[in-house]
Amino acid sequence: MKVVVTGATGNVGSAVVRSLLRDEHVREIVGLARRRPRLALPKTTWVQADVTRDDLRAHFAGADAVVHLAWLIQPSRDEAVTHRVNVEGSARVFAAAAEAGVGAIVYASSVGAYSPGPKDRAVDESWPTGGIESSFYARHKAAVERILDSFEAADPEVRVVRLRPGLIFQREAATEIRRLFAGPLLPNALVRRGLIPVVPRIERLRFQAVHTHDVAEAYRLAAVTEGARGAFNIAAEPVLDPDVLGEALGARPIRVPAGLLRALADLTWRLRLQPTPAGWVDMALAVPILDTSRARHELGWQPTHSSVDALLELIAGMHDGAGLETPPLDPATSGPSRVREFLTGVGQRTD
């Protein structure tokens with residue numbers, strides 16, 4: 001089996017490639033990325049390609065499955081750029097896969113694709129995927145879901161799988177996640193359990209996470225399982241709420257109005273103190289809790305890490321400045337004293 005992975009050098013993509021390596025049915029892996037990594041892996045060929053402009057059909061030729069992970073979270077200040085990659089680039093990937101005769105597409109959707117939903121119970125994959133209007137990330141995820149709806153109607157012979165995971169954490173993604181969501185002003189030394197004094201207690205601040213290695217295994221199963229079709233929610237237990245976070249971090253939950261948290265995120269983003277716009281707060285407070293029964297029963301997927309373990313591993317990695325030898329994850333890409341992050345603009349550079 002030949003599998004092509006787009007966005008193969010990021011947090012999820014690098015783990016998906018390594019998960020596929022362990023599958024005896026996978027004979028060849030092609031990893032597509034905008035920047036070629038130094039990482040050498042068996043059965044893996046790295047290809048430098050941009051989903052927005054390069055001819056993808058040649059790279060997809062002979063593939064049994066394409067796992068589409070290429071996505072931009074930054075620049076948060078230029079939606080034309082992120083839309084071109086996330087939405088238009090995804091449409092190009094799907095079209096090229098069909099033209100190349102690829103048998104299966106596994107797409108990286110997200111909990112962010114869902115419309116606002118309940119926090120006191122879990123919803124299955126039938127929940128509407130209208131996204132959260134104030135979040136460009138959620139809008140883009142919802143838009144690609146609509147593109148896939150049309151694609152499936154036009155090309156029913158292609159097996160399409162959509163994974164909708166919660167937040168995805170691992171130690172090796174620490175530098176990338178810190179750069180994308182916190183920015184260069186957060187000192188690594190202050191990111192550690194016991195040094196985070198408080199967490200906000202907000203009624204709807206309840207979300208889910210999953211370890212990168214576990215979500216990578218879900219992508220592998222989706223790619224190699226012949227009968228897998230449709231959407232699958234992916235998340236680990238427990239649900240992360242203020243009490244769980246407080247216990248995990250050794251912090252005290254303090255009641256904070258949701259509007260204050262949003263205003264603070266918006267102000268610091270506008271002042272270019274950090275790269276995350278307020279839409280991310282809106283999305284965190286709006287998206288539903290996920291029922292993962294379908295993935296467990298139909299894919300045979302089981303997480304091996306708890307959501308708390310994944311979060312604590314990420315925090316420890318941030319403290320240590322951890323990363324991996326791929327351009328998105330390599331700590332060296334930030335430059336000495338994070339100078340490149342400052343020079344390219346907080347929230348302005350592509351990831």
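This is a predicted model: local features need pLDDT of at least 70, side-chain atom pairs count only at pLDDT 80 or more; totals for chains, interfaces and linings use all residues.
Student: At what angle do the axes of H1 and H6 cross?
Tutor: Roughly 60 degrees, with the axes of H1 (residues 11-21) and H6 (residues 212-224) coming within 8 Å. Axes here are lines fitted to C-alpha atoms, for helices over the stretch in contact, and angles run from 0 to 180 degrees between N-to-C directions. Helices are DSSP runs of H or I, at least four residues, numbered from the N terminus.
Student: Why are they called oblique?
Tutor: Under 35 degrees counts as roughly parallel, over 145 as roughly antiparallel, 65 to 115 as roughly perpendicular and the rest as oblique, so H1 and H6 are oblique to each other.
Student: Which residues of H1 touch H6?
Tutor: Asn11, Val12, Ala15, Val16, Ser19 and Leu20 make the contact from H1, where contact means heavy atoms within 4.5 Å. Among their partners on H6 are His213, Tyr219 and Arg220.
Student: OK, new pair: how do H7 and H11 cross?
Tutor: The axes of H7 (residues 242-249) and H11 (residues 307-320) come within 11 Å and cross at roughly 50 degrees. That makes H7 oblique to H11.
Student: And who's in that contact?
Tutor: Val244, Leu245, Ala248 and Leu249 of H7 meet Val308, Leu311, Leu312 and Ile315 of H11.

Note on methods
Residues are numbered from 1 along each chain as its sequence is written. Side-chain values use heavy atoms; hydrogens and water are left out. Helices (H or I, at least four residues) and strands (E, at least two) are DSSP runs, numbered from the N terminus.
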